[in-house]
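Please work through each task before reading its solution.

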Amino acid sequence: MKIQSLIASLVVAASLLVTSSSVIAGEQITLGRTILLSGGDHGAKIPLLVCRKTDAIRVKAERDLHLERVKVTFNNGQTKTINFYRDLKEDKHTDWRSFGYRRCVKKLEVFGNSDGSKAGLKVFGRKK
């Protein structure tokens with residue numbers, strides 16, 4: 001009898017851990033990833049196959065980089081340029097930058113430079 005209650009307690013505890021981590025992961029969606037080169041004046045384009053609805057974006061560096069701006073293109077053709085102008089260390093991210101309301105993102109273009117030969121980054125959208 002004690003073993004069954006111990007197993008039941010472990011199952012409940014494990015399900016709570018999975019639920020809490022999925023809530024944290026569920027707050028954001030990955031819009032895309034790209035690589036910045038060390039000396040580039042051109043933006044790194046991230047086309048989205050399907051437009052993704054979000055009300056804000058943030059950028060996470062996979063290596064040290066200097067992030068200048070992100071140009072967001074919406075499915076109606078409008079664009080919005082979000083300026084960052086900051087250095088990001090590896091595994092650090094920017095704060096959320098809002099569009100004001102939920103919009104359908106169709107394409108991203110990231111401008112910046114890597115500190116080394118190249119630096120990867122991810123762009124996230126916020127779920128609501």
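**Exercise 1.** Determine what percentage of the 128 residues of the protein chain count as buried.

Solution. Buried means under 20% relative accessible area, exposed over 50%, and partly exposed in between, with a 1.4 Å probe and protein chains only. By this criterion, 34% of the 128 residues are buried. The model is predicted: local features need pLDDT of at least 70, side-chain atom pairs count only at pLDDT 80 or more, and totals for chains, interfaces and linings use all residues. Residues are numbered from 1 along each chain as its sequence is written, and side-chain values use heavy atoms, with hydrogens and water left out.

**Exercise 2.** Locate Thr34 and decide whether Thr34 is buried or exposed.

Solution. Helices (H or I, at least four residues) and strands (E, at least two) are DSSP runs, numbered from the N terminus. Thr34 lies in strand β1, which spans residues 28-37. Because its relative accessibility is 14%, Thr34 counts as buried.

**Exercise 3.** Characterise the surroundings of Arg103.

Solution. Then list contacts, meaning heavy atoms within 4.5 Å. Beyond neighbours within four places in sequence, the partners of Arg103 include Arg52, Phe74 and Gln78. Finally, examine polar contacts, defined as pairs of N or O atoms within 3.5 Å; within protein, one must be able to donate a hydrogen and the other to accept it, and residues adjacent in sequence count only if both atoms are side-chain atoms. The side chains of Arg103 and Gln78 form such a contact at 2.4 Å.
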